[in-house]
Amino acid sequence: MGRRKLAAGNWKMNGVKAALGEITALEAAHPAPDCDVLICPPATLVAAMADAAKVISVGGQDCHAAASGAHTGDIAAELLADAGASAVIVGHSERRADHGETDADVNAKAQAAWRAGLIAIICVGETEAQRDAGQALAVVGGQMAGSIPQGATGANTVIAYEPVWAIGTGKVPTLADIAQMHDHMRAVLGASHGAEADAVRFLYGGSVKPGNAAEIFAVSNVDGALVGGASLKAADFGGIVAAASEG
Ligand code: PGA
């Protein structure tokens with residue numbers, strides 16, 4: 001299946017204007033990567049990054065389900081699109097934990113992303129306790145059923161599997177565990193969305209670094225990565241972009 005790899009960076013609540021220099025450096029080092037490259041900076045940098053970037057796409061980290069209105073501090077997908085974003089992360093585990101977002105909330109946000117013409121990067125992933133209890137596959141399957149709207153296609157949706165216990169910890173599942181989960185996810189999406197599921201890209205996220213990216217990208221049904229800490233510096237993220245370009 002010819003799914004183009006995606007190296008996606010999630011800067012989380014990091015990055016002032018000076019950090020735009022990382023984009024310039026990344027593009028200088030990788031002017032024509034053989035993969036898609038996306039950076040999701042804080043909302044304050046979306047417009048400036050979209051203006052500065054040539055080959056890198058820019059995304060938001062969250063959106064509100066509504067298109068506009070009295071929602072102080074929130075950002076509509078339409079506003080992200082107007083600022084130059086082409087994608088938005090929805091349902092990151094930090095949003096689910098910090099803001100109590102449910103699968104239904106995430107589902108509504110994904111539909112909001114599509115309404116605005118953005119790719120929805122829908123995040124799922126189990127906690128350490130859930131994995132230890134042997135529930136990882138069931139938990140992720142349930143999150144997928146609740147969070148991914150009907151109408152998901154390879155053009156409008158990316159799914160990111162991010163085990164909560166692997167985010168920012170330096171801990172990574174075994175390659176066999178990643179393969180088992182991504183194969184499971186492909187089957188789950190196939191059952192709910194039919195043949196179109198084959199075109200949807202599945203990212204792995206959680207402590208992806210330049211040193212482990214290539215082996216992760218070689219795993220069955222891994223179509224790229226969603227990268228936090230290692231996306232902040234051009235030198236680190238460049239190594240991940242290079243690995244995605246080879247895979
Ligand atoms: P990390 O974060 O790469 O720093 O583990 C991944 C993420 O939360 O998307």
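This is a predicted model: local features need pLDDT of at least 70, side-chain atom pairs count only at pLDDT 80 or more; totals for chains, interfaces and linings use all residues.
Is D36 buried, partly exposed or exposed, and what is its relative accessibility? D36 counts as partly exposed, at 27% (buried means under 20% relative accessible area, exposed over 50%, partly exposed in between, with a 1.4 Å probe and protein chains only).

Residues are numbered from 1 along each chain as its sequence is written, and side-chain values use heavy atoms, leaving out hydrogens and water.

**View 1. D36 pairs with R201.** Their side chains meet in a salt bridge of 2.9 Å, N to O (a side-chain nitrogen of Lys or Arg within 4 Å of a carboxyl oxygen of Asp or Glu). D36 lies in strand 2 and R201 in strand 7, so the pair ties together parts 165 residues apart in sequence (strands are DSSP runs of E, at least two residues, and helices are runs of H or I, at least four, numbered from the N terminus). R201 is buried, at 11%. A network of salt bridges links R4, D34, D36 and R201.

**View 2. D62 meets K109.** Here the salt bridge spans 2.7 Å, N to O. D62 sits in the loop between strand 3 and helix 3, and K109 in helix 5, so this pair joins parts 47 residues apart in sequence. Both D62 and K109 are buried.

**View 3. R95 also pairs with D62.** The closest N and O atoms of this salt bridge are 3.3 Å apart. R95 is partly exposed, at 22% relative accessibility.
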